[in-house]
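Reader: Hi! I'm new to this one, could you walk me through it?
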Amino acid sequence: MKIVVKLGEPLWREIGEKQVTLDLQLDATIEDMISELADQYPALQEFLNQAEIPPTIFLADELVNWETKLKQGDSPTLIWAVSGG
Amino acid sequence: MTNFVDVDLSSKRYALRETPEKSVRAFLGGRGLNMLFLARLLRGAGGAAKVDPFGPENPLIFGAGLLTGTIAPNAARFNVSAKSPETLGLGDANCGGFFAAAMRRSGFDRIVIRGCAQEPTYLYLEDGQVHFLPANDLWGMGSFETQQALVKIHGPGTISAVIGPAGENLVRMAAVMTGKKNTAGRCGMGAVMGSKNLKAIAAKGRGKLQITDPKKLRQDRIELTEYLKNSKVVQVLGKLGTPFLYQVSNTLGTIRTRNSQDNFFEDTLNAEEVERYVDKMLACTSCVVHCRHRNILGGEGPEYSTIGLLGANLGIAPTDQVIQLNNLVNELGLDSSSTGTIIAWALELYQRGMIDDELSGGPLEWGDFDRIHQLILDIAHRRGFGDILAESSQAKAQFPESAEDYLIAVKDLPQSDPHDVRYIKSFALGIAVASRGADHLRNRPTLDILRLPDDVRYKIFGVETSSDPTSYDGKAGMVAWHDDIYAVADSVGICKFVTHGFNSPHLLGYDHFSSLIEAVTGLRFEEKELREAGGNVIDLERLINLELGRSKLDDTLPKRYFDDPMPARVTKGHKIDRDKFAVMLGEYYQARGWDQEGRLSPERMEELEALIR
């Protein structure tokens with residue numbers, strides 16, 4: 001199934017695109033999606049491996065877990081939440 | 001170990017004194033010791049509630065952190081404290097840059113200023129001497145212009161903390177400025193300086209700080225620099241600065257927009273747009289992050305808060321216009337957070353017909369850059385409608401009674417950051433209970449949104465917390481935990497960008513602080529003792545607030561956060577439930593050891609009294 005993943009700051013910079021389309025197996029989870037992203041984009045994989053905080057993921061305006069199952073047409077958003085002045 | 005200089009502007013006299021070790025052990029330095037001096041001096045001036053913030057009896061305290069100016073990583077911070085003319089409550093502002101290190105190297109760890117100069121004056125600090133010098137020629141100058149003039153007078157290496165026209169004109173949201181944009185911005189400390197006819201404090205820091213164990217300090221520096229530089233949070237902040245946070249908040253739908261009537265705005269304020277105007281990245285004293293960015297329009301910044309509050313919150317989308325406003329408020333010496341919040345408040349009141357052209361001096365429209373640019377100038381110079389807005393939250397006295405319903409402030413302090421807190425409940429509690437008013441830098445639990453595993457959260461916070469950021473469960477303990485560690489960071493003078501818990505479950509925590517303090521001062525603190533010192537600061541601030549007449553009723557939120565659901569995006573429909581908030585507030589009081597009215601126990605009062613005496 002096709003999933004359009006939107007990438008927020010600063011994650012998109014590791015790919016150079018703000019959204020990418022992934023082809024995932026039916027019933028794939030958010031974790032599968034992250035794994036596929038990492039496989040396709042080694043720079044993003046390196047970033048996520050080194051980062052001490054995980055990305056925060058939203059799907060259909062809900063905060064979701066890595067176990068959440070995806071379905072055709074879903075468009076999850078990944079952000080990297082940090083505070084500052 | 002740490003000294004203070006008692007300066008009387010009225011008599012032009014000063015005396016240098018040592019701070020007792022007992023006080024350092026209890027409050028460390030920076031914000032903590034400032035609060036000790038503030039509590040004592042407000043009492044000595046007839047009682048906190050009676051002190052006129054613009055009166056000569058209001059003490060104004062500049063205090064460097066215990067580690068500030070040393071090679072400890074990111075130890076650049078100092079606090080400026082007084083009774084606030086903006087909130088009429090506890091006033092305190094924290095600032096980076098190079099001033100505090102210069103102040104210490106000129107011989108002074110803390111400057112306690114009382115009285116009022118008869119004419120415009122500045123203090124010049126050099127080799128342990130305080131010089132009272134005329135500032136007539138500096139009066140009226142902008143903040144960076146003043147600093148350049150002081151370098152011309154005293155030579156290269158002169159670092160100053162100054163006020164601009166806003167402080168001179170007693171604008172209640174006036175800041176103390178150092179460098180092009182380092183700002184002790186909160187609570188109107190610049191106006192207190194202005195009320196004392198004090199234009200600047202200039203320091204020539206040629207001395208060397210006494211370090212108990214320089215070898216250990218060097219070793220800590222090397223190891224901690226390596227540790228910090230491996231952090232992705234540090235790397236990203238060093239590369240992009242804070243502007244990237246705008247897009248993160250905007251994606252969520254948590255950017256305060258048009259006075260929080262909306263919660264998302266244009267992409268023109270994303271970091272990649274701001275980057276077109278960035279010249280280079282800069283750092284403060286001993287910093288390993290380098291998050292500051294110089295812009296090609298003649299200033300520094302804007303930071304995320306300013307992008308949000310002078311951009312989205314005013315409906316201004318063009319990037320260059322927001323940068324121009326950023327540079328303008330810095331040169332005038334205005335707090336960008338309060339300025340953006342107060343102008344947005346006025347724009348909504350006009351939109352609702354609650355103020356008319358006669359009062360406002362003409363139309364007030366969202367996104368009207370020219371009008372807002374002029375209004376900021378008028379605020380700083382107290383002209384026309386700007387004279388009313390220069391009163392900040394206190395302007396409510398000149399508006400219809402219901403105007404306060406639209407003011408995004410707590411304890412009369414306009415909210416500091418552009419994050420709409422209706423979604424993440426711990427953020428809401430944090431700004432409700434922060435001692436100086438609506439402010440994210442007292443206790444913001446950013447990690448709450450990361451959905452860290454239960455065991456990881458428990459290991460960090462020591463209490464059970466819900467992993468759902470929209471839940472109220474366990475958030476009180478989380479906020480209390482942040483209270484303590486941020487109070488310690490502020491008191492040792494270390495930036496929150498490298499402080500454990502602010503953005504990362506790693507980075508510098510009590511054990512690192514303890515090692516650095518021992519190397520610098522020889523004082524040994526166990527982790528528990530340092531956390532207790534943080535608790536001392538929080539409790540003393542509570543005591544000062546109670547003496548100022550604050551109560552449980554002030555630990556609340558803007559009406560809009562309770563009543564109006566967020567309009568769009570991920571956060572759509574969220575608001576703060578009054579009953580659940582009340583329960584969370586009670587749990588917070590319990591976590592702090594206060595009673596259900598938010599008062600300190602008699603035993604705790606006795607302990608604090610013993611420390612204050």
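Predicted model: local features only at pLDDT ≥ 70, side-chain atom pairs only at ≥ 80, totals over all residues.

Reader: Thanks! How many residues does the contact take from chain B and from chain A?
Author: Chain B gives 37 residues and chain A gives 27, where contact means heavy atoms within 4.5 Å. Together the two chains bury about 2,800 Å², and 62% of that is on carbon and sulfur atoms. Buried area here is the accessible area (1.4 Å probe) that two parts lose on being put together, summed over both.

Reader: Which residues of chain B lose the most area to chain A?
Author: Those are Lys232(B), Leu450(B) and Arg451(B), which together make up 21% of what that side buries.

Reader: And how many salt bridges are there between chain B and chain A?
Author: Two. A salt bridge is a side-chain nitrogen of Lys or Arg within 4 Å of a carboxyl oxygen of Asp or Glu. Glu275(B) forms one with Arg13(A), with the closest N and O atoms 2.7 Å apart. Over all chains, the count by this rule is 53 salt bridges.

Reader: Where do Arg13(A) and Glu275(B) lie?
Author: Arg13(A) is in the loop between E1 and E2 of chain A, while Glu275(B) is in the loop between H10 and strand E13 (278-282) of chain B, so the pair joins two chains. Helices (H or I, at least four residues) and strands (E, at least two) are DSSP runs, numbered from the N terminus.

Reader: Switching topic: at what angle do H17 and H23 of chain B pack?
Author: Helix H17 (residues 425-433) and helix H23 (residues 578-592) of chain B pack at about 65 degrees, with their axes 11 Å apart. Axes are lines fitted to C-alpha atoms, for helices over the stretch in contact, and angles run from 0 to 180 degrees between N-to-C directions.

Reader: Which residues meet there, in H17(B) and H23(B)?
Author: From H17(B) come Lys425(B), Leu429(B), Ala432(B) and Val433(B), and they meet Phe581(B), Met584(B), Leu585(B) and Tyr588(B) of H23(B). By class, this contact has seven nonpolar residues, no polar ones and one charged. Ala, Val, Leu, Ile, Met, Phe, Trp, Tyr, Cys and Pro count as nonpolar, Asp, Glu, Lys and Arg as charged, and the others, Gly among them, as polar.

Reader: Nice. What joins Glu9(A) and Pro10(A)?
Author: A cis peptide bond, with omega about -15 degrees. Pro10(A) lies in the loop between strand E1 (2-7) and strand E2 (19-23) of chain A. Another cis peptide bond joins Gly301(B) and Pro302(B), with omega about 10 degrees. Pro302(B) sits in the loop between strand E14 (292-295) and H11 of chain B.

Reader: One more: what is phi of Asp61(A) near?
Author: Near 65 degrees, a positive value in a residue other than glycine. Asp61(A) is in the loop between strand E3 (56-59) and strand E4 (62-63) of chain A.

Notes
Residues numbered from 1 in each chain as written. Chains lettered and ligands numbered in written order. Heavy atoms only, no water.
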